Amino acid sequence: MGEQQILESFRVKGTVESWIENVFSIVKDHPKAVFPLLASFASVILHEYDMKPIVVDVSGESSSGKSGLLLLCSSVWGSPKDYIGSFNVTKVAVERRSAFLILRYLMIQME
């Protein structure tokens with residue numbers, strides 16, 4: 001059941017045009033938001049060219065918008081509130097989720 005919920009959170013909802021209008025157009029003039037957002041797209045390109053992943057570190061004071069930026073960046077891949085976990089999670093849960101997502105990715109590659 002839990003794995004099914006994770007799988008369903010990565011889904012197409014809307015169009016590219018609506019995402020550009022409702023998400024990207026809001027932040028396009030803010031480089032500190034655009035860079036991490038574009039890095040969210042880059043992960044797929046890096047994999048296709050067998051390149052190492054990149055890490056974008058966003059830091060700042062409390063209530064400066066870091067969590068909002070995370071939601072913005074994760075909107076690239078689905079419904080963020082459905083698949084973003086919290087720090088209140090067990091090591092086993094993280095391992096299970098990671099293994100499930102890797103397996104699902106490999107299955108998609110084989111299709």
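Rings of Phe, Tyr and Trp, with the six-membered ring taken for Trp, form a pair if their centres lie within 6.5 Å. In this predicted model, the count by that rule comes to two aromatic pairs, and ring pairs link Trp19, Phe24 and Phe41 into a cluster.

Tryptophan 19 and phenylalanine 24 form a stacked pair, with 6.5 Å from centre to centre and 20 degrees between the planes. The rings of tryptophan 19 and phenylalanine 41 have centres 5.6 Å apart and planes at 85 degrees, so this pair is edge-to-face.

| Residue | Relative accessibility | Class |
|---|---|---|
| Tryptophan 19 | 18% | buried |
| Phenylalanine 24 | 24% | partly exposed |
| Phenylalanine 41 | 36% | partly exposed |
| Aspartate 50 | 72% | exposed |
| Serine 63 | 78% | exposed |

Tryptophan 19 counts as buried because its relative accessibility is 18%, and buried means under 20%.

Phi of aspartate 50 is near 55 degrees, which is a positive value in a residue other than glycine. Serine 63, placed in the loop between H3 and H4, has a positive phi of about 65 degrees although serine 63 is not a glycine. Aspartate 50 counts as exposed at 72% relative accessibility, and serine 63 is exposed with a relative accessible area of 78%.

Definitions and conventions: Residues are numbered from 1 along each chain as its sequence is written. This is a predicted model: local features need pLDDT of at least 70, side-chain atom pairs count only at pLDDT 80 or more; totals for chains, interfaces and linings use all residues. Side-chain values use heavy atoms; hydrogens and water are left out. Rings of Phe, Tyr and Trp (its six-membered ring) pair if their centres lie within 6.5 Å; planes under 30 degrees apart count as stacked, over 60 as edge-to-face and the rest as tilted. Buried means under 20% relative accessible area, exposed over 50%, partly exposed in between (1.4 Å probe, protein chains only). Helices (H or I, at least four residues) and strands (E, at least two) are DSSP runs, numbered from the N terminus.
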